[in-house]
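Work through the exercises below with the model open. Try each task before reading its solution.

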Amino acid sequence: LFLDDYYLNCLNFTQPYPGVIETLEQLSDCKKAVLTNKPTAHTLKVLEGLALKDYFDVIVGGDGPHGKKPDPAGFRYILSSLNASPEEAWMIGDGMQDLRVARNVGSGFIAFQEGIGDASALAAAQPDFSIRNFNELFPFLDGIRSGS
């Protein structure tokens with residue numbers, strides 16, 4: 001019943017975090033994916049309803065064959081699909097399951113401190129980088145691109 005109700009109402013109060021759309025637009029040259037524990041149908045409905053789906057090359061829901069985070073199978077599938085190595089990839093997330101999947105795969109992790117996860121637990125886990133607004137990604141990404 002919950003999943004049926006959530007599917008019908010998942011867009012009622014859902015909106016992108018500030019800076020997300022601008023960030024996705026500015027990262028048009030980067031391959032991007034969604035890895036979520038939400039069911040795929042719900043995820044697609046949200047992404048389509050918010051006009052975000054086309055920004056992503058791969059979308060993996062938690063009800064698929066790859067298991068849920070922190071199981072690394074979904075992230076490994078994404079890397080394989082994008083022909084990318086773990087060292088080239090960064091997970092951006094707001095929960096410990098996000099950090100764990102990045103660590104399980106050997107990728108970097110950027111903690112989004114304003115999401116629904118426990119920000120203090122994320123900070124204590126020593127992410128590679130932390131942001132409170134998605135616009136804060138640009139100096140970090142510029143450093144990665146320049147090799148510094």
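Buried means under 20% relative accessible area, exposed over 50%, and partly exposed in between (1.4 Å probe, protein chains only). The model is predicted: local features need pLDDT of at least 70, side-chain atom pairs count only at pLDDT 80 or more, and totals for chains, interfaces and linings use all residues. Residues are numbered from 1 along each chain as its sequence is written, and side-chain values use heavy atoms, with hydrogens and water left out.

**Exercise 1. Classify phenylalanine 2 and tyrosine 6 by accessibility, then describe the aromatic pair they form.**

Step 1. Tyrosine 6 has 21% relative accessibility, so it counts as partly exposed. Phenylalanine 2, at 62%, is exposed.

Step 2. Helices (H or I, at least four residues) and strands (E, at least two) are DSSP runs, numbered from the N terminus.

Step 3. Apply the ring criteria. Rings of Phe, Tyr and Trp (its six-membered ring) pair if their centres lie within 6.5 Å; planes under 30 degrees apart are stacked, over 60 edge-to-face, the rest tilted. Phenylalanine 2 and tyrosine 6 are stacked, with 6.0 Å centre to centre and 0 degrees between the planes.

**Exercise 2. Which parts does the pair of phenylalanine 112 and phenylalanine 134 tie together?**

Step 1. The pair is tilted: 4.7 Å centre to centre, 40 degrees between the planes.

Step 2. Phenylalanine 112 belongs to strand β4, phenylalanine 134 to the loop between β5 (129–131) and α7, so the pair ties together parts 22 residues apart in sequence.

Step 3. Check burial. Phenylalanine 112 is buried at 6% relative accessibility, and phenylalanine 134 is buried at 12%.

**Exercise 3. On which side or sides of α5 do its buried residues lie?**

Step 1. List them for helix α5 (residues 96–105): Asp98, Leu99, Val101, Ala102 and Val105.

Step 2. They cover an arc of only 165 degrees around the axis, which puts them on the same side of α5. The arc is that of the directions from the helix axis to the C-beta atoms.

Step 3. Find the partners. These buried residues pack against β1 (33–35), α4 (73–81), β3 (90–93), β4 (108–112) and α6 (119–124).

Step 4. Look past the end. Glycine 106 follows α5, and its phi is positive, near 95 degrees.

Methods. Contact = heavy atoms within 4.5 Å.
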